[in-house]
Amino acid sequence: MSWAFQEIPPLLPMKSELKAFFRSFTYAAEGIVNALRTERNMRFHACAAVTVIVFSRIYGLTRTENCIMLLCIGLVIGAELMNTAVEAAADIMSQGEHSPEAKKAKDCGAGAVLVCAAVSAVCGIVLFGDVQRLGDTAGWFAANPPACAAAAVWLAAAFVFIFGKRKGNINGN
């Protein structure tokens, strides 16, 4: 039989696959929101990311420098999400009892985040280390008191967001 006369499969399975595909984005967003609600370090990294992105606009990073900065941010937040998943899996597997394997998994996950954060910090020093541009940015803040006030409010709000008590958070983060 020629391919021209073969039966065309119904579009319904494709619609269901497409729906499942888009549903996976909802699950991913739920994971990010859950990590922000329950993990102090994730909240810290998220606030640091927002701060660095806003500062980069004032500082005047080039397009390439912005790409490097965004890659570093994605690397750290992605590592933090993976670490959260590893910790949750290790907790489930150890069933609340001390387990050297669970400790090893958690320590390795935390070490991965530390490596990513350290490399990103070095990149940040390179990206934002131009003394002339730092001076220009400081001058911009000095000439814009409302921006200084907004920065102070942001830092206070970020501190509360990172370290404030959370309702229903059993792990104390």
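Q: What makes A102, G109, V113, C116, S120, L127 and F128 in α4 count as buried?
A: In this predicted model, buried means under 20% relative accessible area. A102, G109, V113, C116, S120, L127 and F128 in α4 are buried by that test. The cover over the buried residues of α4 includes α2, α3 and α5.

Q: Why is A118 called partly exposed?
A: A118 sits in helix α4, residues 100-128. Its relative accessibility is 41%, and the partly exposed class runs between the 20% limit for buried and the 50% limit for exposed. A118 therefore counts as partly exposed.

Q: How do you know that the length of α4 is close to what is expected at 1.5 Å a residue?
A: Compare two spans. The 29 residues of α4 reach 41 Å from first C-alpha to last, and 42 Å is expected at 1.5 Å a residue. The expected span is 1.5 Å times one less than the number of residues. The span of α4 is close to the expected one.

Q: Why are α3 and α4 described by the angle class they have?
A: The two helices pack at about 170°, and their axes are 9 Å apart. Angles over 145 degrees count as roughly antiparallel, so α3 and α4 are roughly antiparallel to each other. By class, their contact has 17 nonpolar, four polar and five charged residues.

Q: What makes Q95 exposed or buried?
A: Q95 belongs to the loop between α3 and α4. Exposed means over 50% relative accessible area; at 69%, Q95 counts as exposed.

Q: What is there to note about phi of Q95?
A: Phi of Q95 is near 50°, a positive value in a residue other than glycine. For background, most residues other than glycine have a negative phi.

Q: What makes α5 roughly parallel, antiparallel or perpendicular to α6?
A: Helix α5 (residues 131-143) and helix α6 (residues 145-163) have axes that come within 5 Å and cross at roughly 100°. Since 65 to 115 degrees counts as roughly perpendicular, α5 is roughly perpendicular to α6. In the contact, W140, F141, A142 and A143 of α5 meet P145, A147, C148 and A151 of α6. These residues divide into eight nonpolar, no polar and no charged.

Q: How do you know that the reach of α5 is close to the expected value?
A: α5 has 13 residues and spans 18 Å between its first and last C-alpha, close to the 18 Å expected at 1.5 Å a residue. At the start of α5, a side-chain oxygen of D130 comes to within 3.0 Å of the backbone nitrogen of Q132.

Q: Why is the pairing of the R133 and E65 side chains called a polar contact?
A: R133 lies in helix α5. The cut-off for a polar contact is a pair of N or O atoms within 3.5 Å, and the side chains of R133 and E65 are joined at 3.3 Å. Leaving aside neighbours within four places in sequence, R133 is also in contact with residues including Y59, G60, L61 and T62.

Q: How many helices and strands does the protein have?
A: There are six helices and zero strands, and the pattern along the sequence is α-α-α-α-α-α. Of the 173 residues of the protein, 22% count as buried.

Definitions and conventions: Residues numbered from 1 in each chain as written. Predicted model: local features only at pLDDT ≥ 70, side-chain atom pairs only at ≥ 80, totals over all residues. Heavy atoms only, no water. Axes fitted to C-alpha atoms, helices over the stretch in contact; angles between N-to-C directions. Helix = DSSP H or I, 4+ residues; strand = E, 2+ residues; numbered from the N terminus. Parallel < 35°, antiparallel > 145°, perpendicular 65-115°, else oblique. Contact = heavy atoms within 4.5 Å. Nonpolar A, V, L, I, M, F, W, Y, C, P; charged D, E, K, R; others polar. Polar contact = N/O pair within 3.5 Å; in protein donor to acceptor, adjacent residues only side chain to side chain. Buried < 20%, exposed > 50% of the residue type's maximum accessible area, 1.4 Å probe, protein only.
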